[in-house]
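Me: I have a structure open and I'm new to it. Could you walk me through what is there, one piece at a time?

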Amino acid sequence: MEEFWDILWTTFIIFAFVAYLMILVSILTDLFRDRSLNGWLKAVWIIFLVWVPFFTALVYLIGRGKGMAERQHAYAEQTRQATNDYIRQTAGSGPSSEIAQAKALLDSEAITAEEYEHLKAKAMASSSR
């Protein structure tokens with residue numbers, strides 16, 4: 001029976017340690033993401049995280065928790081916007097859009113019919129790769 005409690009205690013300790021490491025990574029990520037803190041203040045937070053880790057992590061989460069959430073939300077929004085921009089850019093650059101742009105140039109008489117055919121052939125060749 002004693003082995004069961006030892007295993008349970010070891011499992012709890014490992015869980016607590018992994019949770020603490022995740023908190024430390026979150027704090028360090030937030031420290032380097034925060035542009036309002038200068039380098040010296042970031043260094044002080046890191047020094048305290050090394051010397052008094054549990055207390056410093058607790059103080060940081062209580063004192064700067066709301067800012068952490070706001071910075072994380074802003075980063076997620078920025079990443080989502082960049083992803084959407086990339087998808088729009090990539091999706092709009094296919095052969096059909098290139099041919100449509102060339103047709104618009106031909107209709108506006110900015111290019112000749114031969115240039116249109118050349119652009120059309122080039123777009124079709126790039127789609128067959």
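Me: Let's start with arginine 71: is it buried or exposed?

Reply: Arginine 71 is buried, because its relative accessible area is 18%, where buried means under 20%, exposed means over 50% and partly exposed is in between, with a 1.4 Å probe and protein chains only. Before going on, please note that this is a predicted model, in which local features need pLDDT of at least 70 and side-chain atom pairs count only at pLDDT 80 or more, while totals for chains, interfaces and linings use all residues. Residues are numbered from 1 along each chain as its sequence is written, and side-chain values use heavy atoms, with hydrogens and water left out.

Me: ok, and where does arginine 71 sit?

Reply: Arginine 71 is placed in helix H3, which covers residues 53–91; helices here are DSSP runs of H or I with at least four residues, numbered from the N terminus.

Me: What does arginine 71 touch?

Reply: Not counting residues up to four places away in sequence, arginine 71 touches Asp30, Arg33, Asp34, Tyr60 and Arg64, a contact being heavy atoms within 4.5 Å.

Me: Which salt bridge does arginine 71 make with aspartate 30, I mean what is the N to O distance?

Reply: The side chains of arginine 71 and aspartate 30 meet in a salt bridge at 2.7 Å, N to O, the term standing for a side-chain nitrogen of Lys or Arg within 4 Å of a carboxyl oxygen of Asp or Glu. Since arginine 71 lies in helix H3 and aspartate 30 in helix H1, the pair ties together parts that are 41 residues apart in sequence. Aspartate 30 has a relative accessibility of 3%, so it counts as buried.

Me: And aspartate 34, how far apart are the closest N and O atoms there?

Reply: Aspartate 34 forms a salt bridge with arginine 71 in which the closest N and O atoms are 3.7 Å apart. This pair also links distant parts of the chain, with aspartate 34 in the loop between H1 and H2 and arginine 71 in helix H3, 37 residues apart. The loop in question runs between helix H1 (2–33) and helix H2 (39–51).

Me: Is aspartate 34 buried or exposed, and what else is it in contact with?

Reply: Aspartate 34 is buried, with a relative accessible area of 4%. Leaving aside neighbours within four places in sequence, aspartate 34 is in contact with Lys42, Arg64 and Arg71.

Me: How many salt bridges does the structure hold?

Reply: The structure holds 5 salt bridges. One of them joins the side chains of lysine 103 and aspartate 107 at 3.4 Å, N to O. Lysine 103 and aspartate 107 are 4 residues apart in helix H4 (residues 95–107), so about one helical turn separates them. Lysine 103 counts as partly exposed at 37% relative accessibility, and aspartate 107 counts as exposed at 52%.

Me: Changing topic to the helices, how do H1 and H3 cross?

Reply: The axes of H1 and H3 come within 9 Å and cross at roughly 55 degrees, where axes are lines fitted to C-alpha atoms, for helices over the stretch in contact, and angles run from 0 to 180 degrees between N-to-C directions. That makes H1 oblique to H3, since angles under 35 degrees count as roughly parallel, over 145 as roughly antiparallel, 65 to 115 as roughly perpendicular and the rest as oblique.

Me: Which residues meet between H1 and H3?

Reply: From H1 the meeting residues include Ile23, Ile27, Asp30 and Arg33, and from H3 they include Tyr60, Arg64, Met68 and Arg71.

Me: And at what angle do H2 and H3 pack?

Reply: H2 and H3 pack at an angle of about 135 degrees, with their axes 6 Å apart, and they are therefore oblique to each other. Trp45, Phe48, Leu49, Val50 and Trp51 in H2 meet residues of H3, among them Pro53, Thr56 and Tyr60.

Me: Last one: what is leucine 31 in contact with?

Reply: Leucine 31, which is in helix H1, is buried with a relative accessible area of 0%. Apart from neighbours within four places in sequence, leucine 31 is in contact with Leu37, Lys42, Trp45, Ile46, Leu49 and Tyr60.

How values were computed:
Helix = DSSP H or I, 4+ residues; strand = E, 2+ residues; numbered from the N terminus.
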